[in-house]
Amino acid sequence: MERLVLTNFSIISPLLISTDQVFLLPFGSVDTPQPLRREDREAVGGVPRRRRLGPPPRPARRHSPLRDPPLWRIRRAAYSAFDADPRSPSYADCRFPKHSLLRRAGLSRTGYRVTRHLHATTAAAVPRWIADAGAPSALSRRSSWIGYIAACRDEAEIARLGRRDVVIALRGTATFLEWIENSQTSLTGLDGGTSDNVSEPMVERGFWNLFTTAVVPHGSLRAQVREEVGRIVDAAAATETADAYPLSFTVTGHSLGAALAVLAAHDIADTFCRGSSDRKAMVTAISFGGPRIGNEGFRRRVEGSGCKVLRIVNAGDVVTKVPGFVVESEDNGGGGWWRRATTALGWAYADVGRELRLRGGGGGGRGSANLVECHDLGLYLDQVNQLGATCH
């Protein structure tokens, strides 16, 4: 798989920013970088900056899902709004109401407004004998606040972006039962079945459980996203500026949230961006430190849906290298026996989307070989922020 590798922030222009100098390096290469092809820039939502001559472009051409809005700050709000104190009566819920969530999370002037809270439910449950033995109630919490949907409502910001952007931000693993679901690494079909054919779309069972398991009163995460996205699509189609400012959905998450972000983005593209043109929108998933999600069949399914996926990974982050092994339908590295063995064990995975591999030092110069710190969202956001600063 071709990877986008950044080895020196001081000489590499930022990716996904409207610039003529975006570079492509093969994995492990330190040679002179080559300009990224136009189709590769478009694959992750970026477009080249206007030339020095000619009229200025429409604002839409300057849209970048990493910089408009400051996605790393909006992403962090999914953590800061979560009540992670098991002793709190609102444990595993959102600490703030919708109307003040972004402001109280330190994002008061983004032009975005939260339109819906999102909850995810585990299929796993604590055995009754453990609950009867007096285990803390936090261990048995199945349904938890996982993130939110925020739509750009400021007309000036919409005009600047050139589109009506909607952000879906999802947090990483936080509860005991979510950790249990993370360990369910066998593959399952999108219809709940299994198959020995790597061409059949299959995803990690635990992630799929969290995406599709329903509970009263919230319903499944998939159903919540579909309901709110459908409402936003219908409302946008009724506006006078629907043709001038098309919709875009940017789904982002870290760790577990990154896996769910890809599942949600694919579902949005597959549900709302097929068929009639009046319901089409640009759908982009941006994952930070995300694990592998599914097999090659799922990767092809995502690509066929029109959803664009950017995987931002730290070279030292172990989470991005699990679960399973990368197995293509025509595996040249291990032969047919390797493909058959990993498929039979449910370990035949594929990396979904375009990978942006960060190899610079840690944010603020705090490079570290610590496995926990390498996966920390703060380190990822520091590196992305450092990356963005090189264009100024």
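Trainee: Which residue does Glu155 meet in a salt bridge?
Mentor: The side chain of Glu155 meets that of Arg164, at 3.6 Å from N to O. A salt bridge here is a side-chain nitrogen of Lys or Arg within 4 Å of a carboxyl oxygen of Asp or Glu. Please note that this is a predicted model, in which local features need pLDDT of at least 70, side-chain atom pairs count only at pLDDT 80 or more, and totals for chains, interfaces and linings use all residues. Residues are numbered from 1 along each chain as its sequence is written, and side-chain values use heavy atoms, with hydrogens and water left out.

Trainee: Is Arg164 buried or exposed?
Mentor: Arg164 counts as buried, because its relative accessibility is 12%. Glu155, at 45%, counts as partly exposed. The classes are buried under 20% relative accessible area, exposed over 50% and partly exposed in between, with a 1.4 Å probe and protein chains only.

Trainee: How many salt bridges are there by this rule?
Mentor: The count comes to 15.

Trainee: What does Glu228 pair with?
Mentor: Glu228 forms a salt bridge with Arg231, and their closest N and O atoms are 2.6 Å apart. The two are about one helical turn apart, because they are three residues apart in helix α8. Helices here are DSSP runs of H or I with at least four residues, strands are runs of E with at least two, and both are numbered from the N terminus. Glu228 is buried at 5% relative accessibility, whereas Arg231 is partly exposed at 40%.

Trainee: And where do Arg311 and Glu355 lie?
Mentor: Arg311 lies in strand β11 (residues 308–314) and Glu355 in strand β14 (residues 354–358), so the pair ties together parts 44 residues apart in sequence. Their salt bridge has its closest N and O atoms 2.7 Å apart, and both residues are buried. Salt bridges with shared partners join Arg292, Arg311, Asp351, Glu355 and Arg357 into one network.

Trainee: Changing topic, at what angle do helices α8 and α9 cross?
Mentor: The axes of α8 (residues 221–237) and α9 (residues 256–272) cross at roughly 50° and come within 10 Å. Axes are lines fitted to C-alpha atoms over the stretch in contact, with angles from 0 to 180 degrees between N-to-C directions.

Trainee: Which residues make the contact?
Mentor: Among them are Leu221, Val225 and Val229 of α8, and Leu260, Ile268 and Phe272 of α9. Contact means heavy atoms within 4.5 Å.
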